[in-house]
Structures are given as structure tokens and as C-alpha cells.
Amino acid sequence: MQARLLLEDGTLFTGKSFGAEGEFTGEVVFNTGVTGYQEVVSDPSYYGQIVTMTYPLIGNYGISRDDFESLVPAIHGLVVRRYEPIPSNWRAEYSLGDLLKEHGIPGISDIDTRMLTRKIRQNGTMKGIITTSAKSVEELKVMMADVKVEELHNQVANTSTKFLYHNPGTKERIVLVDFGAKNGILRQLNKRGCDVVIVPHNTTAEEIRRLNPDGIQLSNGPGDPKDVPHAAKMIAELLGEYPIFGICLGHQLLSLACGADTEKLKFGHRGGNHPVKELATGRCYITSQNHGYAVKESSIAGTELEITHINNNDKTIEGVRHKKYPAFSVQYHPEASPGPQDNNYLFDQFLDMIREHKQNNPQKSRQAEIMAAAKGEL
């Protein structure tokens, strides 16, 4: 079946459909990963976006139930140069096309993804629409223009859990604030024996205090951090009380809570091969990234934050640490999935920070344990 991709600047691509039928609108972005398309499709941070894979062959190793980053894929479309409908891998359970059809997501192949990527790099991300219908270009343009404004600003609410739930462990209690969290974050915390309580994005500071956490993990998520001001307010109230570790959107929200500012990048960072320099050591790490916004460097000066990491490609901020309180964050994904596993050590640093904080505040920690035991929470 024929499929078309129309960009808001009028550029039209015609190819083949390998996903769901119909019309689907989203922000067109590109990902430079060679592998990891299943994790990309199921990453909640891609909510509302039509993702272009720059690697030309996609679908060749199929889909495995072990590699999902969320239960329900959040992307609004997938664009590839060549789609392989018959996977060849012992772990494959079904094809990428079957996954897209199951969840009502369109896929288009056999278009010039190099041209599309160059256009995004030159002009920035833009809206687009994928269709399998015979509607005219003018009709499709009207459909793009009719996308409601609120749909562009409620990504976090649409990807965050609606209810608190518990993933038991025997060690430190971590409250994971879900702004659209990847399963990889939970896996890393579970791997270290943490007792994890996952809470919705709009959980208040007082509600988190009642859970008696040892530390707070701020997850990744989609969209503009300024669309969730309640989260920045919550972080500001808890800053200094508990150690905090932010990832991606969580990094931006921690920065906003400390008085810094954020800005939208021209085409963002998406892929598993982004070089990041750690300023303290001069070491360069290859990182997994997926974001369209970044913390403005000029806004850090008036805060109590210090820059810890920078992007080696465009020098944007990739990490910050609070000078006074136990709080730090990174723009990239230390849990990877997909991408290199080099940065998992940051979860160990977070737990070390928690233990140091408890040693320096023994009475407060003991009181929290007593309160939790009295409520039957330990």
C-alpha cells in the first residue's frame, strides 16, 4: 500500500506503508542509532513525534518482548529507508510492522531519509503528516493546521502513570517520579536492590514526604519542561531534604527548579552515539540521547548550579550539580536502552550520595524509618 509523508513546508515524500492505515500528525525528528528501533518506538519521550531512522535498514531483527521501554508505544509514526518484513534473529517473536499495526502507528518506507534528515538539520524540526489515503495535499495541510494546541503541551500527562505503584526491593527506598519513564531506569534501580515507588508526574512534595524516601529519581519524558511547572515547584520544595537525580526531562526540571532556564534546540539530540565530556576528568563518554530541549548555559550563572558535562558536538549543557545540596542531573540517558552502557555508574553515584546524606543526617533518617515502620511501610 502506498503511503505519503507531507511536511508543513510543503515537501511531499511518497513511499510504501508498513504500519497502520489512516492519517497521523506529529513532529518530524530523526534518530541516528544503528540499532535499537524497538526501544525507540516504545520510548515515552517520543510521544507525539514521527521518528525518522537514519540507518537505512530497519526491522531486520524483529521485535522481542524483553526490549520494550514501555507497554504502549508512544510515537506517532516511523519513517525508514528500507523496511525488512521478515526478521532474522533467534529472539524475534514478530515483526516491527506487526507491532505498529497492533498499536495503530503508521510506518512509511522507501523514501529518501537522507534528504529528509538534511532538511530537518537545515530548517529544524517541523510538523508532518503520514497518510495512506488518497486525500489531496491541500486537505492534508488543513488536517495539520487543525492539530489542537493542547495536544502539543500535554505529553507528560499522556505518558506518566496515573497511579502510584510499588516495585519492592530490600535496600534504599527511591521515589521515581514518572514523567514518561523508560523501563530502563527502573531496571537499573532494581538491579541495585532499591525499593522503588513510582508516582505520577503531578505528585506533590508533601505526598512524596509521606512515602519516606531515601532519594528521589526524576525520570525522562517528552515535550517542553515548562509545560509541567508543578513538577519544578515540587522539586524546589524538596531540594536539600532528599538526594535528587534527574535524567533528561528530569534534568531540565531540576534546572528550572534551581532558577535556570531552558530553550528548544533546532533539531535536538536523538541517537546512541552522542559524545559528552565530563569537565572534572576531561573524559569523553558516548551516550544515548533523546531530547528537543536543553538548559541555557547563560542562565546557570545566577543559580547555585555548576555545569558538570557538556556536549562535544555543540557544547550544550549535558549535566549539572547543585553546589550546596545533594542533587545532580544529566541530559543524556545513563540507563541507555538503546545505546552504550558506559554511563550506568551514575546510578551508583546516586546511591553513594544517598548513603552519604544519611550518614550526615542520622537522626532525620532514623525518624523516617520509625515513621515508616509505624505505618507498616517497611
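Visitor: Which residues does Cys248 touch, not counting those up to four places away in sequence?
Guide: Cys248 touches Asn220, Asn290, His291, Val330, Gln331, Tyr332 and His333. Please keep in mind that this is a predicted model. A contact needs heavy atoms within 4.5 Å, so each of these residues meets that cut-off with Cys248.

Visitor: Why is Cys248 called buried?
Guide: Its relative accessibility is 1%. The word buried applies under 20%, so Cys248 qualifies. In the chain, Cys248 sits in the loop between strand E14 (244-247) and helix H9 (249-257).

Visitor: What makes His333 count as buried?
Guide: His333 also comes out at 1% relative accessibility. With the limit set at under 20%, His333 is therefore buried. His333 lies in the loop between strand E19 (327-330) and helix H10 (345-360). Setting aside neighbours within four places in sequence, the contacts of His333 are Lys182, Asn220, Ile247, Cys248, Ser288, Gln289 and Asn290.

Visitor: Which residues does the UniProt annotation "active site" cover?
Guide: According to the unreviewed UniProt entry, they are Cys248, His333 and Glu335. They span 88 residues in sequence, but no two of their C-alpha atoms are more than 11.0 Å apart, so they gather at one spot.

Visitor: And where does Gln188 lie?
Guide: Gln188 is part of helix H6. Beyond residues up to four places away in sequence, Gln188 touches Glu335, Gln341, Asn344 and Phe347. Gln188 has a relative accessibility of 7%, which is under 20%, so Gln188 is buried too.

Visitor: Which residues of H6 are buried, and what covers them?
Guide: The buried residues of H6 are Gly184, Ile185, Leu186, Gln188 and Leu189. Their cover includes E10, E11, strand E12 (195-199), E13, E14 and H10. Just after H6, Gly193 adopts a positive phi of about 80 degrees.

Visitor: Why is the pair Glu172 and Arg355 called a salt bridge?
Guide: The closest N and O atoms of Glu172 and Arg355 are 2.8 Å apart. The cut-off is 4 Å between a side-chain nitrogen of Lys or Arg and a carboxyl oxygen of Asp or Glu, so the pair passes. Side chains of opposite charge can pair when their charged atoms come close.

Visitor: What does the pair of Glu172 and Arg355 tie together?
Guide: Glu172 is in the loop between strand E10 (165-167) and strand E11 (173-177), while Arg355 is in helix H10, so the bridge ties together parts that are 183 residues apart in sequence. Glu172 counts as buried at 10% relative accessibility, whereas Arg355 is partly exposed at 34%.

Visitor: What separates Asp352 from Arg355 in helix H10?
Guide: They are three residues apart, which means about one helical turn. Their side chains also meet in a salt bridge, with 3.6 Å from N to O. Through shared partners, salt bridges join Glu172, Asp352 and Arg355 into one network. Asp352 itself is partly exposed, at 44% relative accessibility.

Visitor: How do you know that Lys358 and Asp214 form a salt bridge?
Guide: Their closest N and O atoms are 3.5 Å apart, and the limit is 4 Å, so the pair counts. Lys358 belongs to helix H10 and Asp214 to the loop between helix H7 (205-209) and strand E13 (215-218), so parts 144 residues apart in sequence are tied together. At 18%, Asp214 is under the 20% limit and therefore buried.

Visitor: How many salt bridges does the structure hold?
Guide: The structure holds 18 salt bridges.

Visitor: How much space lies in the second largest pocket?
Guide: About 470 Å³. Of the 24 residues lining this pocket, the closest to its centre are Pro44, Ser70, Leu71, Val72 and Thr159. Helix H5 (155-159) and helix H6 (183-191) each supply at least two lining residues. The lining divides into 13 nonpolar, nine polar and two charged residues.

Notes:
Residues numbered from 1 in each chain as written. Predicted model: local features only at pLDDT ≥ 70, side-chain atom pairs only at ≥ 80, totals over all residues. Heavy atoms only, no water. 1 Å grid on protein atoms, 1.4 Å probe; cavity = no way out; pocket = protein on both sides within 12 Å on 5 of 7 lines; lining within 4 Å. Points joined across faces, edges and corners; volume = space filled by probe spheres on them. Helix = DSSP H or I, 4+ residues; strand = E, 2+ residues; numbered from the N terminus. Nonpolar A, V, L, I, M, F, W, Y, C, P; charged D, E, K, R; others polar. UniProt positions renumbered as here; feature names shortened; annotations may be inferred. Buried < 20%, exposed > 50% of the residue type's maximum accessible area, 1.4 Å probe, protein only.
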